[in-house]
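Trainee: I am new to this structure and would like to go through it slowly, one point after another. Could we look at it together?

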Amino acid sequence: MARDRKPSPSARTRRPPSTPPHPRRRLASVATGTALALAALAGTALTELAAASPSAAAGVPRGHDVSSHQKNVDWAKARAKGARFVYVKASESTDYTNPYFDQQYDGARGAGLLRGAYHFAVPNQSSGAAQARYFLRNGGGWTADGWTLPPALDIEHNPYSKKHKCYGVSKKKMVSWIWDFSDEIKRQTGRRPVIYTTTRWWNTCTGGSGAFAQSHPLWLASWHGRPGELPKGWSFLSIWQYSNKGTLPGDQNAWNGSFGQLRKFAGG
C-alpha cells in the first residue's frame, strides 16, 4: 500500500497524535451481496487477468490507492488518465487518521470515481474489533449508493519491525484477529471487508488459512508482472495491485471484471 507513516525508535509503543475523528454518520446495516459479487467475478476476466502483464491489465477498469503520502490529489487529472476507482487510507491501529482523507475521498467521488476506504492493521496493538470501530468512526463506512466500495483491511508485513513480520502474533491469533475485525465491520455495515494482502505474508502469518475466501474479496499485491499464486483458500482475485508506481497517484490497481460488475460490487 501507499505508505504515509515511517517507523521511529518508539513506533511500536507510541504513535503520533491523530487528527480529529472524521465526522461521518453511522450507517445502517444492510444485506450483504459479497457472495453474489464473488460468484459473478469467478466467471469473468479471471483467466485473462491472472495471466496478464500490467499492460494487458489495461483492458479492465484501472484504479489506484492513496494515503497522506499523496497529499491533495488532482482528481480530474487522475480521471483523465484512466482512473475509475480508488481506495483511500482512512486509519491505522487506533491512533492515526489520514489528514488528507476528506480531500481524497470526497474529491474522488466528485470526479466520478468509485471510492472506498481502507484500514492499515497493526494486530499487536489492539483487538480487531477495536481497530474496526476506529476505522468506521473515521471514514471507513459503507453505503449502498453504487459509488462506495466495501471497506478494506490492509494486512501485510510489519513496517515497524523487520524481525517480526507477523507482528509477533501467532498464526491462530492472527486468524482470530482478522475475524474480530471482519465481524465488527459486518455488524455495523452489513458487508464483509475486502482483504488486501500478499501471498507470502498470508501463507506465512495465517498459516495459509482458507477460512476467509468464501466471504471476503481478495485484493492481491503482486508487483512481479503477474498476479502469480494466490493466497491459500482463494481461487480468484477481485483486485490486483500490480505496481507501486505508474501514471496514477499512489499504487496501481486493476479490477478483475467489467466496470458494470465493479458498480454492482460497490452497490452490494
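Trainee: Which residues form one aromatic cluster?

Mentor: Before answering, note that this is a predicted model, in which local features need pLDDT of at least 70 and side-chain atom pairs count only at pLDDT 80 or more, while totals for chains, interfaces and linings use all residues. Residues are numbered from 1 along each chain as its sequence is written, and side-chain values use heavy atoms, with hydrogens and water left out. Rings of Phe, Tyr and Trp (its six-membered ring) pair if their centres lie within 6.5 Å, and planes under 30 degrees apart count as stacked, over 60 as edge-to-face and the rest as tilted. The one cluster consists of Tyr87, Tyr118, Tyr196 and Trp219.

Trainee: How many aromatic pairs are found in the whole structure, and what is the angle between the planes of Trp179 and Phe212?

Mentor: The search of the whole structure finds 11 aromatic pairs. Trp179 and Phe212 form a stacked one, with 4.4 Å centre to centre and an angle between the planes of 25°.

Trainee: Where in the chain do Trp179 and Phe212 lie?

Mentor: Helices (H or I, at least four residues) and strands (E, at least two) are DSSP runs, numbered from the N terminus. The pair links distant parts of the chain, 33 residues apart. Trp179 lies in helix 6, and Phe212 in the loop between helix 7 (199-205) and strand 7 (218-221).

Trainee: Is Phe212 buried or exposed?

Mentor: Buried means under 20% relative accessible area, exposed over 50%, and partly exposed in between (1.4 Å probe, protein chains only). Phe212 has 0% relative accessibility, so the word for Phe212 is buried.

Trainee: Which residues does Gly116 touch, not counting residues up to four places away in sequence?

Mentor: Gly116 is placed in strand 4 (residues 114-120), and it counts as buried because its relative accessibility is 0%. Contact means heavy atoms within 4.5 Å. On that basis, Gly116 touches Val86, Tyr87, Val88, Tyr105 and Leu149.
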